[in-house]
Amino acid sequence: MADYIIAIDQGTTSSRAIIFDKKGSIVATGQKEHEQILPKAGWVEHDASEIWRNVQEVIGLALSRADLTRHDIAAVGITNQRETAVVWDKNTGKPVYNAIVWQDTRTQEIVDRLAGDEGVDRFKSIVGLPLATYFSGTKITWILENVDGAREKAEAGDLLFGTTDSWVLWNLTGGIDGGVHATDVTNASRTMFMDLETLEWRDDILEAFGVPRSMMPEIRSSSEVYGAAESSSLLRETPIAGILGDQQAATFGQAAFDKGESKNTYGTGCFLIFNTGEEIVRSKNGLLTTVGYKLGDQPTHYALEGSIAVTGSLIQWLRDQLGIISSAPEVEELADKVEDNGGVYIVPAFSGLFAPYWRPDARGAIVGLTRYANKNHIARAALEAVAFQTRDVLDAVNADAGVDLSELKVDGGMVANDALMQFQADVLGVPVVRPVVAETTALGAAYAAGLAVGFWSGLDDLSANWQEDKRWEPSMDEAERDRQLRLWRKAVTKSMDWVDEDVK
């Protein structure tokens, strides 16, 4: 009997395969990082072929570590870095260019061109998103306009587009030999091309971007059988039955199924999602309107999202670019050596400011430096920047939803950092709660797949699995919180208006 679900988590820095049991507990994991390709300032790419090779390898690692075979696996779920764009030749299976990552800012000129006199909100009433380099649409346009022969091949119907869930699904189900070209509603809602109400591609918007309809994957629900793993796979004949973009998957894994529930994921970036139920809420405060999940033919659930570009990647920057630390956990050790940030604030606007500011002209800034400041203060300021950015987004959520959050559920790699979680509670003024299973992104994809094949009977089963691991209560007094927020917001203004005609 198949007693397990495997989730493929294709993330920004690595690909993982995690096997879960019926209680939602982790049985085994395989993980492999892929190269971060940075050809120019603001350009971020991945080798999609390397990603697919790594996915195959981590599936094998997870199965071998659990001493399981495909016969033990009831279904496969997929979750992914959402806006990263892959364009490939359907006849050869080879990408025509590296995957352009969600953090990449090269398409700002295309954004400006499309915005024209109507502004960045030109399509927002339809798709829930402002025009920004963040989303997949302009990345496809850039590839078609800049890669030799790509436009001609696309017009001839030979090229396919997908976010990395589609790329993995297509390859896993056979690739050039009958691979399934599909995505789910959550990933489709991040392209700039899907109508939030009809859940279909908009031909008029595709035309505005110059993207042929033939490139686009079929839009499906988040929980249904899309196809089966092909014969050469270690998972051959196993149904692939769940797809959720990483942040929606984390929300699902947190069992935040109902209107008013939310979570914050601390990964490469930071993403707060607030479930608005079956209602599409149009943000007036710089948030994104997105699809939360859709289970088979059941009603669609929508969400508001605050997207922060740089959080965990700020710690990577301290390690890889500055050399202040040699491993990520060291940042907490340094931060603990000082009582406060010494007046130092870091605004990590490496790709501009995302929610709620949406300022592509911003760039990273370290302000408040004096000779007193040292690397310990910088480490502390880096952690605090994560919490301050989350507060900015949460204020916008509260304004849009009209309901103040009573507590914040958290997940992702950085929730192991006690100093950060305590400061997060302090700067929010509400408790921060971590679940026992912090790998909620992969768990959400597993849940979606398991529901589709009857491994779990319904959402009540999944809610029963959720367990609290640790809770941080706010301890900062209100006056100090207000002072810190005032200085942070002053620091944010110092990062703006940096990019102009001769500064990229």
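Buried means under 20% relative accessible area, with a 1.4 Å probe and protein chains only. Of the 109 residues in this core, Tyr134, Met192, Phe193, Phe209, Val211, Met215 and Tyr266 touch the most other members. Helix H12 gives the most to this core, with 13 residues. Another core lies apart from it and has 33 residues, among them Ala17, Ala62, Leu68 and Ala229.

This is a predicted model: local features need pLDDT of at least 70, side-chain atom pairs count only at pLDDT 80 or more, and totals for chains, interfaces and linings use all residues. Residues are numbered from 1 along each chain as its sequence is written, and side-chain values use heavy atoms, leaving out hydrogens and water.

Now select tyrosine 266. Leaving aside neighbours within four places in sequence, its contacts (heavy atoms within 4.5 Å) include Val386, Thr390, Leu408, Met414 and Gln424.

Next, go to the open sheet. Its 6 strands run in the order E3-E2-E1-E5-E12-E11, with mixed pairing. Two strands pair if DSSP finds at least two bridges between them. Strands (E, at least two residues) and helices (H or I, at least four) are DSSP runs, numbered from the N terminus. At the edges are E3 (26-33) and E11 (223-228), each pairing on one side only. From one strand to the next, the twist averages 25°.

Zoom in on E1 (residues 4-10) and E5 (residues 73-80). They pair in the parallel sense over 7 bridges. Pick isoleucine 6: its bridge partner in E5 is valine 76.

H1 (residues 48-66) lies across E1, E2 (14-20), E3 and E5, at about 150° to E3. H14 (residues 440-452) packs on the sheet, touching E1, E2, E5, E11 and E12 (239-245), and makes about 135° with the direction of E12. These angles run from 0 to 180 degrees between N-to-C directions; axes are lines fitted to C-alpha atoms, for helices over the stretch in contact.

Move to glutamine 103, in the loop between E7 (99-100) and H2 (108-115). Glutamine 103 counts as buried because its relative accessibility is 11%. Leaving aside neighbours within four places in sequence, its contacts include Thr12, Val44 and Ser313.

Finish at H10 (residues 312-322), where Gly312, Ser313, Leu314, Ile315 and Leu318 are the buried residues. They pack against H11 (330-335), E17 (345-347) and H12 (375-401). Glycine 323 follows H10, with a positive phi near 70°.

Definitions and conventions: Buried < 20%, exposed > 50% of the residue type's maximum accessible area, 1.4 Å probe, protein only. Core = buried A, V, L, I, M, F, W, Y, C linked by side-chain atoms within 4.5 Å.
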